[in-house]
Amino acid sequence: MRAALALALASMVATAAPVALAADRDGNFKIRGLGNRTCAQLLEDRAEDPARGVAYAAWMNGYFTAVNQYVKNTYDLTPDLDAELLGRLVVRFCTGYPEETVWAAVGVISRDFAPVRQARKADPITLTNGEHTATVQKETLRRVQIQLKRHGHYTSTVDGVYGPGTRAAIEAYQSSKDGMEVTGVPDPTTVAALLFD
């Protein structure tokens, strides 16, 4: 799995733009910290003490920061998604593949997010619907509108503007998903669901 994942990540980097990958001449490199632990160990650690999840989240954020720094045309690999949601994605992967490492789990998520990464820095916008708020990039909101249109919930112009039509479309999409809270804003759970639905 490690060799296949390294190849997949190299492919992600290559398609993003040329950048040198650091490793020895055989393609090996040192994985530090919690990335060496197995998914089974991560799940056990979290079950014993949920606060241990904070250490895993910190390791994961460091990994994503390195990707943001070293992969060309990548400002943010996981735009507008918080550490809690990313942690849930890692846990979901680890539940299915307990023998894999945390490094492998985060690498798979990185590969999956590469096509929707944010290429350039943009000012975030805060959207409100009653008591619900979400802070996203305009480009993320535009992508949400595209996906909502694809699902038949949005019929207006894809412009990255949060208006009544976008809010109603988000509410309709959220209502169509079992267990998803209906907020009317593109919160991290909704954004992730739409980008990968």
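Is phenylalanine 29 buried, partly exposed or exposed? The exercises below work through this and other points.

The model is predicted: local features need pLDDT of at least 70, side-chain atom pairs count only at pLDDT 80 or more, and totals for chains, interfaces and linings use all residues. Residues are numbered from 1 along each chain as its sequence is written, and side-chain values use heavy atoms, without hydrogens or water.

**Exercise 1. Classify phenylalanine 29 and describe its aromatic pair with tryptophan 103.**

Step 1. Take the cut-offs: buried is under 20% relative accessible area, exposed is over 50%, and partly exposed lies in between (1.4 Å probe, protein chains only).

Step 2. Phenylalanine 29 has 31% relative accessibility, so it counts as partly exposed. Tryptophan 103 has 5%, so it is buried.

Step 3. Rings of Phe, Tyr and Trp (its six-membered ring) pair if their centres lie within 6.5 Å; planes under 30 degrees apart are stacked, over 60 edge-to-face, and the rest tilted.

Step 4. Locate the partners. Phenylalanine 29 sits in the loop between helix H1 (2-16) and H2, and tryptophan 103 in helix H5 (residues 102-113). They are 74 residues apart, so the pair links distant parts of the chain.

Step 5. Widen the view. The whole structure holds four aromatic pairs. Ring pairs also join Trp59, Tyr63 and Phe64 into a cluster.

**Exercise 2. Find how the axes of helices H7 and H8 are set to each other.**

Step 1. Helices (H or I, at least four residues) and strands (E, at least two) are DSSP runs, numbered from the N terminus. Axes are lines fitted to C-alpha atoms, for helices over the stretch in contact, with angles from 0 to 180 degrees between N-to-C directions.

Step 2. The axes of H7 (residues 164-175) and H8 (residues 188-195) come within 11 Å and cross at roughly 80°.

Step 3. Under 35 degrees is roughly parallel, over 145 roughly antiparallel, 65 to 115 roughly perpendicular, and the rest oblique. Therefore H7 is roughly perpendicular to H8.

Step 4. Contact means heavy atoms within 4.5 Å. H7 supplies Ile170, Tyr173 and Gln174; H8 supplies Thr190, Ala193 and Leu194.

**Exercise 3. State where glutamine 147 lies and what it touches.**

Step 1. Glutamine 147 is in helix H6 (residues 138-150).

Step 2. Its relative accessible area is 14%, so glutamine 147 is buried.

Step 3. Leaving out residues up to four places away in sequence, glutamine 147 touches Leu194 and Asp197.
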